[in-house]
Amino acid sequence: MPNPQEPNPHLPTPVKFSRLLYLLSGYNHSTVMFLSDGFTHGFPLHFQGIRESSHAKNLLSAVQNPTVVDAKIAKELAAGRLAGPFDSPPISPFVVSPLGVVPKKSPGEFRLIHHLSFPKGASVNDGISHENSTVCYATIGDAIRCIKLAGQGSYLAKTDIQNAFRIIPIQSDDYGLLGMH
């Protein structure tokens, strides 16, 4: 098992780094190193576009639901997953992507959207290759393969990580790509 540096205590993640390394025992070395480096120094966005400041107005859904947006931002600030507020852009370049809200299945509940695909053709997401922005979720076929591999009498459990994409620390060099207003 590698002996990585201790994680940066300022990285906003509840992931227990030493416990994660213990649980990765037996995994592919490159996977362990990738996760170790990411949870120690932050994960890179792999942005390959031009880094220049820009500012986009929030979506109509955010403008029409300011108390929802304020509550969502307050929750992220309290969890240490956002920095600010600032009177002016804290770093340069600073890309401000629009915020929006989308209703959830339960009435009166919303999900906050940080629209990194705006504007089309010149967005933060447009500067990240498909290879570095694809998420692959487990399927029932994956579960069946695991059960077959483990053999008769094996057990399987499903887990879900709340706020999964919000607990992944980002490399500080990429902070300027994640602005909001």
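The 15 positive and 13 negative charges of the protein chain have mean positions 11 Å apart. Lys and Arg count as positive, Asp and Glu as negative, with His and the chain ends not counted. Each charge is placed at NZ of Lys, CZ of Arg, CG of Asp or CD of Glu. The model is predicted; local features need pLDDT of at least 70, side-chain atom pairs count only at pLDDT 80 or more, and totals for chains, interfaces and linings use all residues. Residues are numbered from 1 along each chain as its sequence is written, and side-chain values use heavy atoms, leaving out hydrogens and water.

The protein chain holds 5 helices and 4 strands (DSSP runs numbered from the N terminus: helices H or I, at least four residues; strands E, at least two). Their order from the N terminus is α-α-β-α-α-β-β-β-α. Of the 181 residues, 23% are buried (under 20% relative accessible area; exposed is over 50%, partly exposed in between; 1.4 Å probe, protein chains only).

Helix H2 covers residues 29-41. Its 13 residues should span 18 Å at 1.5 Å a residue, and the end C-alpha atoms agree, at 18 Å apart. The expected span is 1.5 Å times one less than the number of residues. Val32, Ser36, Gly38, Phe39 and Thr40 are buried in H2. The buried residues of H2 pack against helix H1 (17-23).

The disulfide count is 0, a disulfide being a pair of cysteine sulfur atoms within 2.5 Å. Cys136 is in none; its nearest cysteine sulfur, that of Cys146, is 13 Å away. Cys136 is exposed at 75% relative accessible area, whereas Cys146 is partly exposed at 43%.

Terms used
Contact = heavy atoms within 4.5 Å.
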